[in-house]
Amino acid sequence: MTMVLNVEGLRKSYGNLEALKGISFQVEQGEIFALIGPNGAGKTTALRIIATLLSPSDGRVTFLGHDLKKEPEKFRENISYLPEEAGAYRNLKGTNYLEFMARFYSRSAAEEQEFLGRARDIAGLGGRLKEKVGTYSKGMVRKLLLARALMTKPALTILDEPTSGLDVINSLEVREIIKRFAREGISVLLSSHNMLEIEFLSDRVALIDQGRILDQGTSAQLKDKYQAPNLEVVFRSALR
Amino acid sequence: MKKFLNLLTKEIRELVTLQLIGSLVFTFVLFYFIGQLAKSEAARAAAPQKIAALDLDRSDVSRGLLDNLRSINYIIEPAAAADKEAAVEAVRRSPVNFLLVIPAGFGEAVSRFETREVETYTFMRSFSMSATRNSAVFRSVIAALNRYMSDEYLKQRIAEIPPENLKNPIKSRDFVVIKDRQAQGSAGDIAGFVFGQSIFVPIILMMIIIYSSQMVISAIAMEKQNKTLETLLTVPIRRSSIVTAKMLASGLVGLLSAAIYMVGFRFYMRGFTGDMRVGAEVSQVIEKLGLVLDAKGYIILGVSLFFAILCALALAIILGVLAEDFRSAQSLIMPVVFLVLIPYFISFFADFRTLSLPVKIFILAIPFSHPFLATQNILLENYQAVALGILYMVAVFILLVGLAARIFSTDRVLTMKLRWGRKKVVL
């Protein structure tokens, strides 16, 4: 398997506060890799650094061989990021928003149409795409944003709490979409509080707390190692 | 370029909302309506005034006075009343606003060069602009009567000399000198003309700077409030392009909004001041003194305005980053407003040359001061001062844009915010 993302000894400080204390992990092509941990563990900080929003204080991040510090534009061209509390432009219609985002990645009109067609399928919003985003429910906005993140089939998709704000049915649908895209070769790096979701979605999991990775492996490996019935118990045991 | 245009189109589409269009149309219509109202009120006030006159004297002198008033465009209506009380009551019931009462024995007294009182009654029926103008009517009536009477006296006593020569024996020929040019004319007329012509420059400048800055700050604040900034910062486009697109879109929309407001404002001002057309005599003097902005002057002024706007937009970008949401963005516009208002008021109420050195330095340090000072400097051909002002604004702009681009290319675009509770900048 090709390694898509390599994170080595990643550190991040905000003044005196050390949010990440040297974490390391890798994500392979078509793999769904999850970071799980409590609030303030450093998950979002790690995702934001890889998405080029924050600069690391120390450590090395490479994506398809490109170094984050030297070539952040290579990351932006091939990575899409869905933040936990993301929104879309309220005065734009759903279709206009998708067109706006697609134009940053498409190299031709045909490719733009291909992206938009895929986005319409993922979003499943039908005629509502012709209405302004300001009229959407939180769940509809989330599906629109997920469509935006996946429509270009990026080499790596970073999803921070991808099902945040969605009801049970929509959450299941979104998980299926993520699985489908991973099967097509897209790598996914995600974080979630929902352990059931993580167990269902991820190929491998990293347990993160207070800026450190406590352990990582497949769900089965971790459950076996900690003699735990599920990831929640695994996490509690790893904390001890 | 395709990506930049995509971003620019989005920024403009985000800024030009139905609320903005509605507010522009409403303000334009309001200005136009108030201007037209003021114009019709002014026209009514300037029309020949009707004055009811109760002549209890019935002498040649009193008849001469009333004829004189008729000759200077007053409409004199004899009051159909036997005494003062009845005349007041009659006029109170009529639409006429003025009553002049000439008492009995008036003619005989003034013939003996004794002063006598006439009584004037102004019927105030409202407190509008035309009502305030009514208060001045009797001042001009009494002045006209005094002029007429004194001329009559002088004609009686010194018939061989025209009264005007006796009252104003000294005449003046006025010249105005500007640099190496001079022309015959009144300094007051020239100053009034130049002020009238350049009054709109500071207003336009102030409006454009404030509108554009407000739009940039709001655009960034809205990106933060709607949680769209993080996504935008991860798309494959240079951060400097994001800064430029926001500045350009806000500048364009700000310029358009200010232009619409100014057209409306011009209608409003014309209602109060008229069309400010100048007589041929003053026009010739203005031309002779070179006090007309030619093409070169307009270009220089335009360049000065352009860099002032760029400075404001770059400053607004930085302030916008400090905003957490749309509400806090409203407060963050205040530094820009203050920096514009200081030179705005100075340009109206003070002479920059007479200010003390520390105040001058303070004013010149504000980049927005330079276009305010530029109009006068261009008219007075102080091009060096204008050029230095432009150079200073270029330097400030480069500094601010560099700072804005640096903020956008680092974590600070997401982490820097002004916390009103603790009143400190968190980096």
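The domain assignment of chain B, taken from an automatic or database source, gives domain 1 (2-39 + 184-426) and domain 2 (48-171). The centres of domain 1 of chain B and domain 2 of chain B, taken over C-alpha atoms, are separated by 53 Å. The model is predicted: local features need pLDDT of at least 70 and side-chain atom pairs count only at pLDDT 80 or more, while totals for chains, interfaces and linings use all residues. Residues are numbered from 1 along each chain as its sequence is written, and chains are lettered from A and ligands numbered from 1 in the order in which they are written.

In chain B, an open sheet with mixed pairing is formed by four strands in the order β2-β1-β3-β4. Helices (H or I, at least four residues) and strands (E, at least two) are DSSP runs, numbered from the N terminus; two strands pair if DSSP finds at least two bridges between them. The edge strands, β2 (75-78) and β4 (119-122) of chain B, each pair on one side only. From one strand to the next the twist averages 25°. Strand β1 (residues 50-55) of chain B pairs with β2(B) in the parallel sense over four bridges, and Ile51(B) has Ile76(B) in β2(B) as its bridge partner. Helix α3 (residues 60-71) of chain B packs on the sheet, where it touches β1, β2 and β3 (98-102) of chain B, and its direction makes about 175° with that of β1(B). Contact between two residues requires C-beta atoms, placed from the backbone, within 7 Å; axes are lines fitted to C-alpha atoms, for helices over the stretch in contact, and angles run from 0 to 180 degrees between N-to-C directions. Helix α4 (residues 84-93) of chain B lies across β1, β3 and β4 of chain B and runs at about 165° to β3(B).

Chain A has an open sheet of six strands with mixed pairing, in the order β6-β7-β8-β3-β9-β10. Because β6 (79-82) and β10 (212-217) of chain A each have a single partner strand, one side of each is left without a neighbour in the sheet. The twist averages 15° from one strand to the next. Strands β7 (residues 156-160) and β8 (residues 187-191) of chain A pair in the parallel sense over five bridges, with Thr157(A) opposite Val188(A) in β8(A). Helix α5 (residues 138-150) of chain A packs on the sheet and touches β6 and β7 of chain A, at about 170° to the direction of β6(A).

The axes of α5(A) and helix α6 (residues 168-183) of chain A come within 12 Å and cross at roughly 5°. The two helices are therefore roughly parallel (angles under 35 degrees). In this contact, Gly139(A), Lys143(A), Leu146(A) and Leu150(A) of α5(A) meet Asn170(A), Val174(A), Ile177(A) and Phe181(A) of α6(A). By class, the contact has five nonpolar, two polar and one charged residues. Ala, Val, Leu, Ile, Met, Phe, Trp, Tyr, Cys and Pro count as nonpolar, Asp, Glu, Lys and Arg as charged, and the others, Gly among them, as polar.

The contact between the chains takes 20 residues from chain B and 23 residues from chain A. On the side of chain B that touches chain A, α1 (2-15) and α11 (229-233) of chain B each supply at least two residues; α1(B) gives the most, with six residues. This side of chain B divides into five nonpolar, seven polar and eight charged residues.

Leu229(B) lies in helix α11 of chain B. Leu229(B) is buried, with 22 other C-beta atoms within 10 Å (20 or more are required).

Technical notes
Parallel < 35°, antiparallel > 145°, perpendicular 65-115°, else oblique. Buried ≥ 20, exposed ≤ 12 C-beta atoms within 10 Å, placed from the backbone.
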